[in-house]
Amino acid sequence: MPYQKIRSAIWHNPGRYALLAGAGVSQSSGVPLAGEIVTMIATEEFRLENFRPPYSREELDAWRAAQVPPIATYQDAIEHLGEHPEDHADFVRKLVAGTAPSKGHWCLADLVAFGWFQYIFTTNFDRLIEQALMQRGLDPCILMPNMTCRTHEADLPIVVKLHGDCKFSNIRNLKVQTRKLDNVVCVAFDKSLACRGLVVVGYGGNDDSVMRPLERVLRGTRNSAVGVYWLHVSSEEIHPRLRDLERSGNHDEHRFTFVRCESSDEFFADLWSHFLGRDNGTSGFASKSPPNLGPGPTAFFHPPSGEAPGPGGAP
């Protein structure tokens with residue numbers, strides 16, 4: 001079972017793992033991934049320059065490579081949208097317009113409500129995680145760059161938007177903007193790495209702002225509190241930088257584990273079914289009561305018997 005070890009780790013340490021959610025968490029809601037956005041922008045730029053769409057993917061790729069600088073990454077493509085931050089934010093708003101939380105978001109919201117997770121860090125600009133939490137009756141504390149908030153005093157679920165929120169124009173999606181984290185989100189991320197483990201879902205490891213703190217913790221002599229579980233889609237290649245991170249995390253002791261998955265929805269649904277689903281007589285997890293963590297998220301939501309985790313029904 002691919003999730004057995006990570007499932008047991010979270011079960012025996014409720015609230016001790018923070019979550020890092022990347023673009024893959026929003027994919028099933030209709031938000032395109034970085035590679036799809038690059039193709040989208042490059043196609044429009046090709047059309048503007050050549051007065052026609054590209055005849056083939058090969059023609060588009062050759063045109064992208066010939067640009068100065070080449071349009072190779074998401075950040076390269078975003079720079080073609082204009083120089084003003086509001087132009088970038090408006091483009092992202094159009095991408096996420098009309099999207100709604102997926103089954104995975106609903107399952108995650110229930111897991112947060114019962115105290116399995118409290119801290120959620122995300123590089124996503126959309127508000128799907130927050131929407132799912134609020135529609136479950138929770139009132140999350142939302143942190144973004146250039147905000148002032150003392151997170152250690154909050155008992156609510158805490159969503160940290162590492163690169164900002166598309167509702168505002170100061171999102172961070174250019175190379176120069178994602179080299180390091182800003183102020184309060186940097187402090188929150190560093191403090192969490194010092195006292196909590198981390199579960200990474202739907203994130204490819206392409207941002208210096210996120211990877212450098214992780215590399216610093218796993219390469220340093222001071223161990224992270226629990227360790228890192230990094231979920232990756234079985235059909236996708238693992239970035240070389242992540243392989244280096246794995247070697248660093250397991251140099252002296254085992255602190256980094258890759259976990260194969262089919263999708264983030266599948267992973268969150270698996271946790272939901274084992275932690276919160278009906279006892280089917282074979283799973284010791286499902287029959288155990290939710291953790292009681294005091295004045296935290298568990299006080300806010302108690303689903304009525306038989307309630308499904310989201311519009312799609314029970315996972």
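Is C141 buried or exposed? In this predicted model, C141 has a relative accessibility of 16% and therefore counts as buried, since the cut-off for burial is under 20%. C261 counts as buried too, at 5% relative accessibility. The structure holds 0 disulfides.

The chain comprises 315 residues, and 51% of them are buried. Its secondary structure consists of 11 helices and 7 strands. Contacts between residues at least 6 apart in sequence were examined for their span along the chain. Of these contacts, 75% join residues at least 24 apart.

One such stretch of packing involves helices α1 and α11. Helix α1 covers residues 4–12, and helix α11 covers residues 264–275. Two packed helices are described by the angle between their axes and the distance between the axes. For α1 and α11, the angle is about 55° and the axes lie 11 Å apart. The two helices are therefore oblique to each other. Their crossing is right-handed. On the α1 side, the contact is made by I6, R7, I10 and W11. On the α11 side, F267, D270, L271, H274 and F275 take part. By class, this contact has 6 nonpolar, 1 polar and 2 charged residues.

W11 deserves a separate description. This residue is located in helix α1 and belongs to the contact with α11. Its relative accessibility is 7%, so W11 counts as buried. F275 is one of the α11 residues in the contact. W11 and F275 are 264 residues apart along the chain. Their C-alpha atoms are separated by 7.7 Å.

The buried residues of α6 are G104, H105, W106, C107, L108, A109, D110, L111, V112 and A113. After α6 comes G115, which has a positive phi near 90°.

Technical notes: Residues are numbered from 1 along each chain as its sequence is written. This is a predicted model: local features need pLDDT of at least 70, side-chain atom pairs count only at pLDDT 80 or more; totals for chains, interfaces and linings use all residues. Side-chain values use heavy atoms; hydrogens and water are left out. Axes are lines fitted to C-alpha atoms, for helices over the stretch in contact, and angles run from 0 to 180 degrees between N-to-C directions. Helices (H or I, at least four residues) and strands (E, at least two) are DSSP runs, numbered from the N terminus. Angles under 35 degrees count as roughly parallel, over 145 as roughly antiparallel, 65 to 115 as roughly perpendicular and the rest as oblique. A crossing is left-handed if the near helix is turned anticlockwise from the far one by less than a right angle, and right-handed if clockwise. Contact means heavy atoms within 4.5 Å. Ala, Val, Leu, Ile, Met, Phe, Trp, Tyr, Cys and Pro count as nonpolar, Asp, Glu, Lys and Arg as charged, and the others, Gly among them, as polar. A disulfide is a pair of cysteine sulfur atoms within 2.5 Å. Buried means under 20% relative accessible area, exposed over 50%, partly exposed in between (1.4 Å probe, protein chains only).
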